[in-house]
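Q: I have a structure open here and would like to talk it through. Could you help me go over the details?

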2 protein chains.
Amino acid sequence: MQPDEALALLKQGAAQIINESELREKLALGRPLRVKLGVDPTTSDIHLGHTIVLQKLRQFQDLGHQAILIIGDFTGMIGDPSGRSVTRPHLTHKEVIANAETYREQAFKILDPERTETVCNGDWFRPMSFEDVIRLNSRVTLQQMLQREDFKARLEEKHPIRAHEVQYPIMQGWDSVMVKADVELGGTDQLFNILIGRDFQREESMPQQVVFLLPILEGLDGSKKMSKSLGNYVGINESPSEMFGKLMSISDELMARYYELLLRRVAPEDMHPLEAKKQLAFEIVQTYHSANAAKRTLDEWNMRFSKRDLKNADLPAFSPAEEDLSAVTVVSDVYRKVFQSEKSHSEVSRLIKQGSVEIDGTKIRDPKAKITLHPGQILRLDRKRAVRIG
Amino acid sequence: MQPDEALALLKQGAAQIINESELREKLALGRPLRVKLGVDPTTSDIHLGHTIVLQKLRQFQDLGHQAILIIGDFTGMIGDPSGRSVTRPHLTHKEVIANAETYREQAFKILDPERTETVCNGDWFRPMSFEDVIRLNSRVTLQQMLQREDFKARLEEKHPIRAHEVQYPIMQGWDSVMVKADVELGGTDQLFNILIGRDFQREESMPQQVVFLLPILEGLDGSKKMSKSLGNYVGINESPSEMFGKLMSISDELMARYYELLLRRVAPEDMHPLEAKKQLAFEIVQTYHSANAAKRTLDEWNMRFSKRDLKNADLPAFSPAEEDLSAVTVVSDVYRKVFQSEKSHSEVSRLIKQGSVEIDGTKIRDPKAKITLHPGQILRLDRKRAVRIG
């Protein structure tokens, strides 16, 4: 493939490239480029947020390039402060290594293992002495560090920045020297860290890596970055039905964003949003499980949540404790007893007012209405949950 | 000696003690206190500025306490950023060790070797791994560091603070833990660093060291801190006549300050300032050389610089290049050729106007006056320098 063609392909979905002309020159070298991705196994789960960068790395591989997956067994003990408003908790080396193993396994759901070199940055950081650290530190200034948006915000809000957090970007930069990276991939919050790598490479008289940034995926809440610690994520190791269910719960607006970032196309405009969402969920389950699993999950979903089929569906049973309870009490009980989900009365009231709750297909709109349920009736709580009265 | 008596003695000349009641308690313990002084052998010369702290340490020794002299063979490679407006140059370990050896020798002109324990902080910092560094760093915040006046000023003036400079106070603090210091001595610019030591000791569940700060001596220029790099210092290893000459060159105002800080008494008010200055210089030469050397130097000085005796003094010779030159030209030439001292014409003009320059005891007041010198005449440039025309 010609460099210009390859460039056009790679550019798709990129948020920022520093800079395109350098990338074009490198693509014209006629050798496999070393494309670096650093991963901090601070958690064992790869989620859809990570897949955007991993899919781009796979695209590089499909064009004949070499992926360098840096397992941050050392940096992981600190945790990247990028975009963080508080210091991350320390992890032990053992925790980090355990996470790293399952991480690699999951990454190969996307990456081509044949074109992936995996290295641990502890290999070069662990033997470093205090003197080496000082020498490395003397290359960067505090002023550079304090330009970072995340550090700036923490200074303004008087949230402490611990002195060791300054080491993170320095280490990430040194990684690029050690693996002789031609390109480094990352989310847009990685700009600063990846630029440090370019600086270090220049000082070492090496060709500088291209900074290749990808957009950051919002979590299921539609506002914050997808992350395990925020609980707003879809893990690629989750079961098809968990994955499907979580994706069906997102807003229509977020669905459009997920189409763009995860399927790399616009959401179909001639389709009902509910159907478009099923399509999104189907394709993602297909990618991380299989076409069969996706088909099965979709059928199950359709059966459970289309009104006319609920009668035949295999629903959990529920027997109300007494008659004549208010709607909000009954629904809260079902959430808690059947689905182990604690919801406040005000939350349940909102669901009821929004028309989410139905008895045999009839919406209940008044949270205070006294209701009496009869065996065999179907009580639907929301799109995903319903019970049969026993 | 009773604790109160000892406290009263030690307090003399102190700039700040954090805090006195703690120091009193420690003095009442009835055991020798471990009094820490960290020295960075970034230069091999101990100068009068250092002696203020060393003399205080000697006073602790004379009261039965133990001096812990920490040779910063490790920290010396970074250099204390305290009070500095620019990053210090790196020193190699070899340079630092060479400096340390002569440093110790000089320090024992003041300290009692019997009550001095000397340790090198490289002994605990050299074996530290990157991981240890990270753990130590995680105990302090960047915000703490940025409270420092010197760092603040550098941020404001956009002078770079290199990331490794942050390590300095962390290391100095850790030193206090390692040597179990009861008291740490330092100049007033050491407040921040010494407080970090207190924090670390508390975290290690150790008794906290008392911060004992001493005033900082101005250099010969009377404005900046005395320091080798500024060239405004009197080294305690300098020859009696160098020492004497340098001290005779200070302003009357600075003389009062030197009396206070170096001789720990007020300058005599009933004495002519010139005589008071001779007394100061005499006593300092006596301290760092001997009473005999001081006597000899004073006599020499008196002979050279009292007008009537210049004829007999052993003066360097000078032959003017041509006749009829302006006074300013001749005097500049003498400074440059005889004393290797480059002075601007405006500087020399000022000296002449001030009446510093004399030919055979007659002041020349006009810098532009054409002068013709004859062999055997004495041309006096200033209090310290004169030549015999050859």
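Q: Before we go on, what are the ground rules for the numbering and the values?
A: Residues are numbered from 1 along each chain as its sequence is written, while chains are lettered from A and ligands numbered from 1 in the order in which they are written. Since this is a predicted model, local features need pLDDT of at least 70 and side-chain atom pairs count only at pLDDT 80 or more, whereas totals for chains, interfaces and linings use all residues; side-chain values use heavy atoms, with hydrogens and water left out.

Q: OK, and how many residue pairs are in polar contact between the chains?
A: Between chain A and chain B there are 14 residue pairs in polar contact, both residues being at pLDDT 80 or more. A polar contact is a pair of N or O atoms within 3.5 Å, where within protein one must be able to donate a hydrogen and the other to accept it, and residues adjacent in sequence count only if both atoms are side-chain atoms.

Q: Which helices of chain A supply at least two residues of the side that touches chain B?
A: Helix H6 (130-137), helix H7 (142-146), helix H8 (149-156) and helix H9 (167-178) of chain A each do so, helices (H or I, at least four residues) and strands (E, at least two) being DSSP runs numbered from the N terminus. The largest share, five residues, comes from H6(A).

Q: And what area is buried there?
A: About 2,900 Å² is buried between chain A and chain B, and carbon and sulfur atoms give 72% of that; buried area is the accessible area (1.4 Å probe) that two parts lose on being put together, summed over both. The contact (heavy atoms within 4.5 Å) takes 33 residues from chain A and 33 residues from chain B.

Q: Why do the copies meet through the same surface?
A: They do so because 100% of the interface residues of chain A are also interface residues in chain B.

Q: What rotation superposes chain A on chain B?
A: A rotation of 178° does, with 0.0 Å of shift along its axis and an RMSD of 0.6 Å, when copies are superposed by least squares on the C-alpha atoms of residues with pLDDT of at least 70 in both. The two copies are therefore related as by a two-fold rotation axis. In chain A, the C-alpha nearest the axis belongs to A:Ser129, 2.7 Å from it.

Q: Switching to the backbone, where is the cis peptide bond in chain A?
A: A cis peptide bond with omega of about -15° joins A:Ile18 and A:Asn19, and A:Asn19 sits in the loop between strand E1 (16-18) and helix H2 (20-27) of chain A. In chain B, the peptide bond from B:Ile18 to B:Asn19 is cis, with omega near -20°.

Q: Is A:Lys158 buried or exposed?
A: A:Lys158 counts as exposed at 69% relative accessibility, where buried means under 20% relative accessible area, exposed over 50% and partly exposed in between (1.4 Å probe, protein chains only). A:Lys158 has a positive phi of about 60° although it is not a glycine, and its place is the loop between H8 and H9 of chain A.
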